[in-house]
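Welcome! Take a moment to look over the sequence and the 3D view, and then read on for a short tour.

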Amino acid sequence: SYGLSDSIIIASVNKKTGEMKLTSIMRDTWVAIPGKKSKHKINSANAYGGPKLLMKTINENFDMNLTNYVFVDFVGFPYIIEKVGGVDIDITKTEMYYINVFVNDVPKRNYSKNTNFSRLRKYGENTHLTGMQALAYSRIRSTAGSDFKRTERQRNVLSSLFKKVKSQGGFNLISTATAVMPMVRTNVGVPDIISLGTKVLSSDFDNMKEFRIPMDGLYKSDKINGQAVLVPDLDKNKHALYDFIYGTEQTQSQNK
């Protein structure tokens with residue numbers, strides 16, 4: 001069974017250059033879900049029909065053609081981060097506080113006995129995070145910017161994860177991909193992941209581009225059926241998403 005999507009990120013790769021672009025979709029985006037009579041938050045598509053329905057929802061609302069997915073839950077995520085030796089991210093004092101709150105309160109019974117639940121002891125540039133600390137960082141929404149800032153943190157973790165794998169070389173990509181496969185649900189095979197990963201790791205990660213939809217100014221905050229939602233201008237957002245992924249420069253400076 002699947003639950004609500006805590007994070008929705010489109011990872012698009014230029015197969016010629018290996019350039020990767022990450023686009024977060026705000027989980028409170030109010031959209032039509034195929035097969036449902038009324039609109040819902042986009043994160044509920046995963047609960048209704050898993051990653052395939054979520055992909056179909058994104059495709060139909062934003063004119064995309066997504067066919068591949070990787071689904072990671074809260075239990076598998078820390079394991080993947082630990083497999084590459086943790087990640088290094090710039091952390092503020094406030095973020096350190098919330099990371100430690102989560103690590104202290106997380107239901108430990110859901111994780112294996114060897115899971116590292118240590119608290120973060122310092123903050124600043126290039127702070128090293130364990131898998132559980134990285135998960136906690138990705139979930140913070142109790143700071144300025146709330147959920148908008150949270151999606152940026154999630155992209156930060158992915159970018160740092162890719163940089164870490166790149167620094168460890170091609171051989172480790174194979175062993176890492178093989179090791180983490182049991183911790184994810186995906187319709188992509190290991191050979192395809194390794195082939196695509198090799199191409200991505202040969203590109204310049206310092207120039208990885210990031211984006212978020214709805215874009216600033218292209219949605220309105222509303223309350224529908226007691227829920228706080230983001231009602232997007234679908235036409236303008238899907239054009240902005242297309243431009244970001246396929247080529248024009250006008251949107252690439254926004255919403256990092």
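**A short tour of the model**

Apart from neighbours within four places in sequence, Thr 23 is in contact (heavy atoms within 4.5 Å) with Ile 8, Ile 9, Ile 10, Phe 211, Arg 212, Ile 213, Leu 241 and Phe 244. You are looking at a predicted model, in which local features need pLDDT of at least 70 and side-chain atom pairs count only at pLDDT 80 or more, while totals for chains, interfaces and linings use all residues. Residues are numbered from 1 along each chain as its sequence is written, and side-chain values use heavy atoms, with hydrogens and water left out.

- Thr 23 sits in strand S2, residues 20-25; helices (H or I, at least four residues) and strands (E, at least two) are DSSP runs, numbered from the N terminus.
- Thr 23 has 0% relative accessibility, so Thr 23 counts as buried; with a 1.4 Å probe and protein chains only, buried means under 20% relative accessible area, exposed means over 50%, and partly exposed is in between.
- Six of the six residues of S2 are buried, which leaves the strand mostly covered.
- On one side of S2 the buried residues are Met 20, Leu 22 and Ser 24, and on the other they are Lys 21, Thr 23 and Ile 25, with both faces covered.
- S2 runs antiparallel to strand S1 (residues 9-13), and five bridges join the two; strands pair if DSSP finds at least two bridges between them.
- Six residues lie between the strands in the hairpin of S1 and S2, where Gly 18 takes a positive phi near 80 degrees.
- S2 is also joined to S9 by five bridges, and these two strands run parallel.
- Here Leu 22 has Glu 210 of S9 as its bridge partner.

- Helix H4 covers residues 131-139, and eight of its nine residues are buried, so the helix is largely enclosed by the rest of the structure.
- The buried residues of H4 are Gly 131, Met 132, Gln 133, Ala 134, Leu 135, Ala 136, Tyr 137 and Ser 138.
- What do the buried residues of H4 pack against? Their packing partners are helix H2 (76-83), strand S6 (87-91), helix H3 (93-105), strand S7 (124-129) and helix H5 (146-168).

**Backbone details to look for**

- The peptide bond that runs from Ile 213 to Pro 214 is cis, and its omega is near 0 degrees.
- You can find Pro 214 in the loop between strand S9 (209-213) and strand S10 (219-224).
- Asn 126, in strand S7, is not a glycine, yet its phi is positive, near 50 degrees.
- Is Asn 126 buried or exposed? Asn 126 is exposed, and its relative accessible area is 54%.
- Asn 225 is not a glycine either, and its phi is positive at about 55 degrees.
- Look for Asn 225 in the loop between S10 and strand S11 (227-232), where Asn 225 is exposed with a relative accessible area of 69%.

**Across the model**

- Lys 36 belongs to the loop between strand S3 (30-32) and strand S4 (39-41).
- With a relative accessible area of 36%, Lys 36 is partly exposed.
- How many Å separate the C-alpha atoms of Lys 36 and Arg 119? They are separated by 43 Å, and the two residues are 83 residues apart along the chain.
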